[in-house]
Amino acid sequence: MGGFGKIFIILFQMRNFIGTYECKIDDKGRLKVPSSLIKQMEDFEDKTFVVKRSVFQSCLEVYPMNAWDKLMGKINKLNRFVKKNADFIRMFTAGVKTVELDTAGRLQISKDLTGFASLTKDIVITSAGELFEIWDKEAYEKVIATNEEDFANLAEDVMGAFDE
């Protein structure tokens with residue numbers, strides 16, 4: 001592959017979602033995606049996305065298929081004959097669903113995932129790098145409500161070791 005092709009692949013793999021959006025979900029689990037997020041979703045090669053439960057929070061994570069495949073490539077290297085690995089894989093992939101935007105620009109979120117994230121009418125979609133998260137608005141506001149000192153300490157702990 002020529003130099004330009006390699007650069008294109010590297011740039012393509014570095015795509016990240018940007019933004020935080022307040023929107024609505026209806027009683028049938030249909031989430032109307034904001035048009036600016038739809039435009040970002042169109043930039044990904046595959047129009048299929050994977051929705052899963054978050055590991056650390058009561059929210060949902062939405063991965064473009066190529067990012068999901070990359071993550072599953074790492075997970076599939078785990079030895080499934082080690083009980084904790086098998087347990088982790090089972091729990092990590094519990095409730096995983098594939099979704100696509102419908103013609104009205106909506107994502108259909110299954111009842112089990114809607115229940116896991118306690119999604120009510122008002123929700124927040126927020127970027128998280130190569131994926132985005134779906135939160136109940138009230139839960140999201142509680143999670144991000146922190147004082148400046150706590151956030152500064154967290155930033156130092158997480159990002160302070162980077163030398164780049």
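**View 1. Strand 7 (residues 122-128) and strand 8 run antiparallel, joined by six bridges.** Strands here are DSSP runs of E with at least two residues, numbered from the N terminus, and two of them pair if DSSP finds at least two bridges between them. Before you zoom in: this is a predicted model, where local features need pLDDT of at least 70, side-chain atom pairs count only at pLDDT 80 or more, and totals for chains, interfaces and linings use all residues. Residues are numbered from 1 along each chain as its sequence is written, and side-chain values use heavy atoms, with hydrogens and water left out. Across this pairing, S127 sits opposite F132 of strand 8. The hairpin has two residues between its strands, and G129 there takes a positive phi near 80 degrees.

**View 2. Strand 8 (residues 131-136) is largely enclosed by the rest of the structure, because six of its six residues are buried.** Buried means under 20% relative accessible area (1.4 Å probe, protein chains only). L131, E133 and W135 point one way, while F132, I134 and D136 point the other way.

View 3. Look for L60, which stands opposite I134 of strand 8.

**View 4. K52 lies in strand 3 (residues 49-53).** This lysine counts as buried because its relative accessibility is 1%. Leaving out residues up to four places away in sequence, K52 touches C59, L60, E61, Y63, W68, F92, V96 and L113; contact means heavy atoms within 4.5 Å.

Definitions and conventions:
Helices (H or I, at least four residues) and strands (E, at least two) are DSSP runs, numbered from the N terminus. Buried means under 20% relative accessible area, exposed over 50%, partly exposed in between (1.4 Å probe, protein chains only).
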